[in-house]
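Subject: Structure for you to look at

Hello,

Here is the structure I promised to pass on. Please keep it open while you read the notes below.

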Amino acid sequence: MSSAKTILITGVSSGFGRALAQEALAAGHKVIGTVRNREAQQAFEALDAQRAFGRLLDVTDVERIDKAVAEISSAFGPVDVLVNNAGYGYEGILEESPLAEMRRQFDVNVFGAVAMIKAVLPGMRERRSGHIINITSMGGFITMPGIAYYCGSKFALEGISETLSKELAPFNIQVTAVAPGSFRTDWAGRSMVRSTRSIPDYDALFDPIRQARKEKSGKQPGDPVKAARAMLALIESQSPPTHLLLGSDALELVRQKLAALSKEIDQWEKLTRSTDG
């Protein structure tokens, strides 16, 4: 390890956030982790009495984020790395899913992440250093029936991350969107919010997908600890990528998507070009 860093991770109670925090602590970094209750804060701080510090923060409470980040910087020094991990999956056929659920999905997965970024950026820009890691998903590249709101939020965060990387390049601030495939986290289990089924027309399409996702929960190919080690490698890199896929399933599915997209573009090239001049 080149040097110990101060890493701020949102959502360290479970999943990628907890795995990354544990691996970062083991590597000698200082970790500030956001949680949503006192019990989770105590459990997190018990990981390392000297370098694990929990803070109560709901990323949807955007009015509190600037103050919370200012307090963290005052207490622990400048934030070298922000990892936007807090998020969840909403599963539901679009026609059956209330708009309120879409707003909630974007509040957590997009607006919360952007608010955290905006809070740490002034300090990073002043120091001309820093790294922002946004945990997206292979669902920010590929889609499947029943997770339109989730994929929409992750597509948004992918686009925001890529644009931000170009805005921050002059200031030596790195931005990486990390897109995991299927990992053994709680994403498809207790963390997922599922719509109530109401339209029989979708039964044949969607019921097998929902059932398969439930059955595979906890049996996915991806290992969260190995994902955490990959993210630590990003943090140590002098020239990290703007996008990083994690998992062989993500690699295969995204490559299939890009090949299909390229083929479709070629098929419709004549019509595309017909609109010039």
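Two strands count as paired if DSSP finds at least two bridges between them. Strands (E, at least two residues) and helices (H or I, at least four) are DSSP runs, numbered from the N terminus. The model is predicted, so local features need pLDDT of at least 70 and side-chain atom pairs count only at pLDDT 80 or more, while totals for chains, interfaces and linings use all residues. Residues are numbered from 1 along each chain as its sequence is written, and side-chain values use heavy atoms, with hydrogens and water left out.

The sheet

Seven strands make up an open sheet with parallel pairing, in the order β3-β2-β1-β4-β6-β7-β9. At its edges are β3 (52–56) and β9 (243–246), each of which pairs on one side only. On average, and ignoring direction, neighbouring strands are turned by 20° against each other. Axes here are lines fitted to C-alpha atoms, for helices over the stretch in contact, and angles run from 0 to 180 degrees between N-to-C directions.

Start with β1 (residues 6–10). Five bridges pair β1 with β2 (residues 30–35) in the parallel sense, and L8 stands opposite I32 in β2. On to β4: β1 and β4 run parallel and are joined by three bridges, with I7 having V81 in β4 as its bridge partner.

Are the residues V81, V83, L82 and N84 of β4 buried or exposed? They are all buried, V81 and V83 on one side of β4 (residues 81–84) and L82 and N84 on the other, so both faces of the strand are covered. Buried means under 20% relative accessible area, exposed means over 50%, and partly exposed is in between (1.4 Å probe, protein chains only).

Helix α3 lies across β1, β2 and β3 and runs at about 155° to β3. Helix α8 (residues 248–267) packs on the sheet as well, touching β7 and β9, and its direction makes about 120° with that of β9. Contact, here and below, means heavy atoms within 4.5 Å.

I32 lies in strand β2 and is buried, with a relative accessible area of 0%. Not counting residues up to four places away in sequence, I32 touches T6, I7, L8, I9, F53, R55, I72 and F76.

T34 is also placed in β2, and its relative accessible area of 3% makes it buried. A polar atom of its side chain lies 3.0 Å from the backbone nitrogen of G11. With neighbours within four places in sequence left aside, the contacts of T34 include G11, V12 and L57.

The cores

A nonpolar core is a set of buried Ala, Val, Leu, Ile, Met, Phe, Trp, Tyr and Cys residues joined through side-chain atoms within 4.5 Å. The largest one has 28 residues, and L8, L82, M116 and I132 have the most contacts inside it. Two or more residues each come from α3 (62–76), α4 (99–127), α5 (148–168) and β7 (173–180). Which element gives the largest share of this core? That is α4, with eight residues. Apart from this core lies another, of 27 residues, among them F16, A40, A227 and L246.

The aromatic pairs

Rings of Phe, Tyr and Trp (its six-membered ring) pair if their centres lie within 6.5 Å; planes under 30 degrees apart count as stacked, over 60 as edge-to-face and the rest as tilted. The whole structure holds three such pairs. One of them is F16 with F183: the ring centres are 5.2 Å apart and the planes at 70°, so the pair is edge-to-face. Because F16 lies in helix α1 (residues 15–26) and F183 in the loop between β7 and β8 (193–194), this pair ties together parts that are 167 residues apart in sequence. Both F16 and F183 are buried.

Another is Y90 with Y149, which is stacked because the centres are 5.6 Å apart and the planes at 20°. Y90 is in strand β5 (residues 90–91) and Y149 in helix α5, 59 residues apart, so the pair links distant parts of the chain. Y90 and Y149 are buried too.

Regards

Technical notes
A polar contact is a pair of N or O atoms within 3.5 Å; within protein, one must be able to donate a hydrogen and the other to accept it, and residues adjacent in sequence count only if both atoms are side-chain atoms.
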